[in-house]
Amino acid sequence: MSLQPLPAARRLTWLRWSCTTAMGLSLWCAGAALAFDVQGHRGARALAPENTLHGFQRALAIGVSTLELDVVLSAEGVPIVSHDTTANPDITRDPSGRWLQTRGQPFHTLTLAQIAEFDIGRVNPSSRYARDFPQQEAADGERIPTLAAVFDLAKRLRADHVRFNIELKRNPERPQESPEPEAFVRAVLEVLRGHGMASRANLQSFDWSLLRIAQRQAPELPLAFLSAQRPRFSTLSTGLWTAGLREADFKDAPALLAAAGARLWSPNFNDIDRKLIERAREEGLRVIPWTVNEVPDMERLIDWGVDGIITDHPDRLRAVMLQRGMALPPTVTGQAN
């Protein structure tokens with residue numbers, strides 16, 4: 001098997017073949033999705049508060065093809081945008097302006113009014129988070145938005161090209177922190193359809209049982225199967241995260257993904273190499289790794305032929321692409337009034 005990166009013409013041919021043969025992927029492949037996918041992780045987390053309207057607007061101004069974001073539900077069953085199932089003390093202040101000391105109650109037990117009291121406009125300066133993202137500029141007063149508010153922002157800014165990669169947050173090791181899975185998926189789909197965004201979105205999750213539910217409730221919707229094989233977070237070995245499937249029962253991770261019905265795989269970028277990407281191609285998988293922030297890693301992954309990159313630094317990724325003569329997604333600079 002050749003270990004050379006896929007030539008541009010061969011890669012485009014493969015994408016066109018995928019778009020015409022895989023159910024659901026035809027929507028994903030519409031328009032700009034044929035190009036390299038620049039995904040702003042939680043907006044532009046290295047530069048602006050994560051999963052906020054301010055952060056998403058910053059990512060659009062930099063120029064991304066996809067906004068990557070996370071959703072949970074409120075007590076009313078409304079999808080809200082949060083990476084965590086409970087408020088994260090590293091980024092959350094209470095109504096008095098004090099940093100939270102504990103994570104507290106799960107969001108699905110809090111009303112929208114209670115959730116709106118949290119200020120997530122800056123990082124706690126004493127946290128590791130602050131050390132990891134020293135360039136992040138604060139936006140005091142930012143609140144946890146609803147998924148509907150993110151769609152409204154994109155419409156007001158006329159960001160008609162942008163797609164939405166929506167992660168369903170559920171930890172099967174702590175199921176009590178999340179709503180009932182069927183209701184969770186249904187609530188997100190209702191917002192997607194109600195705002196006319198179903199053709200511009202995909203769902204992703206580490207918990208593949210949620211993706212299995214989505215396959216039943218919305219078979220036309222593209223899905224991204226997240227995975228991690230890290231010492232402190234590994235999702236492919238026990239079956240708990242993968243709807244009962246285990247990597248040990250298959251040839252390798254791509255074979256496991258194919259058996260799960262995946263067409264798009266989003267692994268931790270440290271878990272893959274060129275040979276594994278070639279194997280993913282053999283199984284009919286597109287590959288968009290997370291979360292890639294350093295330029296040498298971006299360059300290496302592009303050389304290996306990945307289909308896109310999820311990054312906290314879309315500015316860096318665009319610079320790498322510009323240097324290589326790759327097409328860039330448009331920037332959006334309007335006011336969201």
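This is a predicted model: local features need pLDDT of at least 70, side-chain atom pairs count only at pLDDT 80 or more; totals for chains, interfaces and linings use all residues.
Residues are numbered from 1 along each chain as its sequence is written. Local features need pLDDT of at least 70, side-chain atom pairs count only at pLDDT 80 or more, totals for chains, interfaces and linings use all residues, and side-chain values use heavy atoms, without hydrogens or water.

**Stop 1: helix α12**

Select residues 314-324, helix α12. Helices are DSSP runs of H or I with at least four residues, strands are E runs of at least two, and both are numbered from the N terminus. Colour Pro314, Leu317, Arg318, Val320 and Met321: they are buried (under 20% relative accessible area, with exposed over 50%, for a 1.4 Å probe and protein chains only). Look down the axis. The buried residues fall within an arc of 160°, so they line one face of α12. The arc is taken from the directions from the helix axis to the C-beta atoms.

Turn to the other side of α12. Leu322 and Gln323 are exposed there.

Now show β1 (37-41), α3 (53-62), α11 (295-304) and β11 (308-311). They are among what covers the buried residues of α12, by contact (heavy atoms within 4.5 Å).

Step on to Gly325, which follows α12 and has a positive phi, near 75°.

**Stop 2: the largest pocket**

Select Arg42, Arg45, His83, Phe233 and Trp290. Of the 48 residues that line the largest pocket, these lie nearest its centre. A pocket is an open set of points on a 1 Å grid over the protein atoms alone, where a 1.4 Å probe fits, with protein on both sides within 12 Å along at least five of seven lines; lining residues have an atom within 4 Å of a point.

α5 gives the most to the lining, 3 residues.
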